[in-house]
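User: Hi! Could you walk me through this model? I'd like to go topic by topic.

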Amino acid sequence: MPARPPSEYVATLCEMMAPLGDLRARRMFGGYGLSIDGLTFALVADETLYVKADDVNRLSFAQLGLEPFRPMPDKPTTLSYYPPPDSALDDRDELLPWARSGFEAALRAAAKKAAKSKRK
């Protein structure tokens, strides 16, 4: 059975973020994971985009009052993925820096994981 194409929303996001590289959308947990070179840097849940955050870029989101992704809204658990400002979803030039910061966070996480496994 062929894979279902992504939602129109996800397809539009992928078009907007195409300058970042070979972007892939993969279904996961009722939403989508967005990745470049096998590194997941963004999630789409309930038609909301969230990009990966870490100690380097998290403050940019927090300063705007943006809240982290809650996979189960009735529980306090959060993931380190934040939505970009709403205005970025209508403007590729505004969205790309937010998405790029998420990809850079994914690169840092992968490098950290690789260094950790070398030490073992």
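User: Great, let's start here: is Ala 109 buried, exposed or partly exposed?

Analyst: Ala 109 counts as partly exposed, because its relative accessibility is 35%. Buried means under 20% relative accessible area, exposed over 50%, and partly exposed in between, with a 1.4 Å probe and protein chains only. Ala 109 sits in helix 3, residues 92-119; helices are DSSP runs of H or I with at least four residues, strands are E runs of at least two, and both are numbered from the N terminus.

User: Before we go on, what should I know about the model itself?

Analyst: This is a predicted model, where local features need pLDDT of at least 70, side-chain atom pairs count only at pLDDT 80 or more, and totals for chains, interfaces and linings use all residues. Residues are numbered from 1 along each chain as its sequence is written, and side-chain values use heavy atoms, with hydrogens and water left out.

User: Thanks! How far apart are Ala 109 and Asp 54 in space?

Analyst: Their C-alpha atoms are 8.4 Å apart, while 55 residues separate them in sequence.

User: And where is Asp 54, and is it buried or exposed?

Analyst: Asp 54 is in the loop between strand 4 (48-52) and helix 2 (58-62). Asp 54 counts as buried because its relative accessibility is 16%.

User: What does Asp 54 touch?

Analyst: Leaving out residues up to four places away in sequence, Asp 54 touches Ser 80, Ala 105 and Arg 108; contact means heavy atoms within 4.5 Å. The side chain of Asp 54 also reaches the backbone nitrogen of Val 56 at 2.9 Å.

User: Is that Val 56 buried or exposed?

Analyst: Val 56 is exposed, since its relative accessibility is 59%. Val 56 is in the loop between strand 4 and helix 2.

User: Switching to helix 1: which residues are buried there?

Analyst: In helix 1 (residues 8-17), the buried ones are Val 10, Leu 13, Cys 14, Met 16 and Met 17. Viewed down the helix axis, these buried residues fall within an arc of 160 degrees, so they line one face of helix 1. The arc is taken from the directions from the helix axis to the C-beta atoms.

User: What's exposed on the other side?

Analyst: Glu 8 and Glu 15 are exposed on the other side of helix 1.

User: And what about Gly 21, where is that?

Analyst: Gly 21 is in the loop between helix 1 and strand 1 (23-28). Gly 21 is partly exposed, because its relative accessible area is 31%.

User: Last one: what lines the largest pocket?

Analyst: Its lining includes Phe 29, Ala 45, Asp 46, Tyr 50 and Arg 70. The lining residues divide into six nonpolar, three polar and two charged.

Terms used. 1 Å grid on protein atoms, 1.4 Å probe; cavity = no way out; pocket = protein on both sides within 12 Å on 5 of 7 lines; lining within 4 Å. Nonpolar A, V, L, I, M, F, W, Y, C, P; charged D, E, K, R; others polar. Polar contact = N/O pair within 3.5 Å; in protein donor to acceptor, adjacent residues only side chain to side chain.
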